[in-house]
Amino acid sequence: MDQTWRRCSSCKKPLPFAGTHWVCNVSTCNRPRLFLTFCTVSCWDAHLASVRHRDTWAEERKSPTAEFWQKVVNGEENWPPRPVKEKEPAKAEPKVSSGPKVVLRRKSES
Ligand SMILES: [Zn+2]
Ligand SMILES: [Zn+2]
């Protein structure tokens, strides 16, 4: 099975599945089918020579597993992953853990 997810957008070095890679923070570099990936920060840095970005930085990301990538190919998942919204509604606590815990004490201690 091919362990190469895709190639570095600068040096073309293969990037394996389930590893880490670097991405550009600029949204136009992260389009669903035209996203850029870099093996190192210096490769990302090289990319800046061909584009004009303001306020840019590189972000380390986890590469998808081969299994996940297959879902992306099948259209079941999105890549790049949707950024996690900072204003997420407070996570609902599972009902089980809400309320005081009931501890049954037995008076059979002697
Ligand atoms: Zn590279
Ligand atoms: Zn960029």
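The largest nonpolar core holds eleven residues: Trp-5, Cys-8, Leu-15, Trp-22, Cys-24, Cys-29, Leu-36, Phe-38, Cys-39, Cys-43 and Trp-44. At least two residues of this core come from strand 3 (20–24), and at least two from helix 1 (41–47). A nonpolar core is a set of buried Ala, Val, Leu, Ile, Met, Phe, Trp, Tyr and Cys residues joined through C-beta atoms within 7 Å. A residue is buried if 20 or more other C-beta atoms lie within 10 Å of its own, exposed if 12 or fewer, and partly exposed in between, with C-beta atoms placed from the backbone.

The model is predicted: local features need pLDDT of at least 70, side-chain atom pairs count only at pLDDT 80 or more, and totals for chains, interfaces and linings use all residues. Residues are numbered from 1 along each chain as its sequence is written, while chains are lettered from A and ligands numbered from 1 in the order in which they are written.

The protein chain contains two helices and four strands. Their order along the sequence is β-β-β-α-β-α. Helices (H or I, at least four residues) and strands (E, at least two) are DSSP runs, numbered from the N terminus. The chain has 110 residues, and 15% of them count as buried. Two residues are in contact if their C-beta atoms, placed from the backbone, lie within 7 Å. Among contacts with a separation of 6 or more, 56% join residues 24 or more positions apart.

Trp-22 belongs to the core. Neighbours within four places in sequence aside, Trp-22 is in contact with Phe-38, Thr-40, Val-41, Trp-44, Ala-58, Glu-59 and Glu-60.

Most residues other than glycine have a negative phi, and most peptide bonds are trans. Lys-12 has a positive phi, near 70°. It sits in the loop between strand 1 (4–7) and strand 2 (14–16). Lys-12 counts as exposed because it has 11 C-beta neighbours inside 10 Å. Asp-55 also has a positive phi, near 50°. Its loop runs between helix 1 and strand 4 (58–62). Asp-55 is exposed because 6 other C-beta atoms lie within 10 Å.

The peptide bond from Trp-79 to Pro-80 is cis, with omega near 0°. Pro-80 lies in the segment after helix 2 (66–73). Because Pro-80 has 16 C-beta neighbours inside 10 Å, it counts as partly exposed. Beyond its neighbours within four places in sequence, Pro-80 is in contact with Asn-30 and Phe-35. Leu-34 is 46 residues from Pro-80 along the chain, yet their C-alpha atoms are separated by 9.9 Å.
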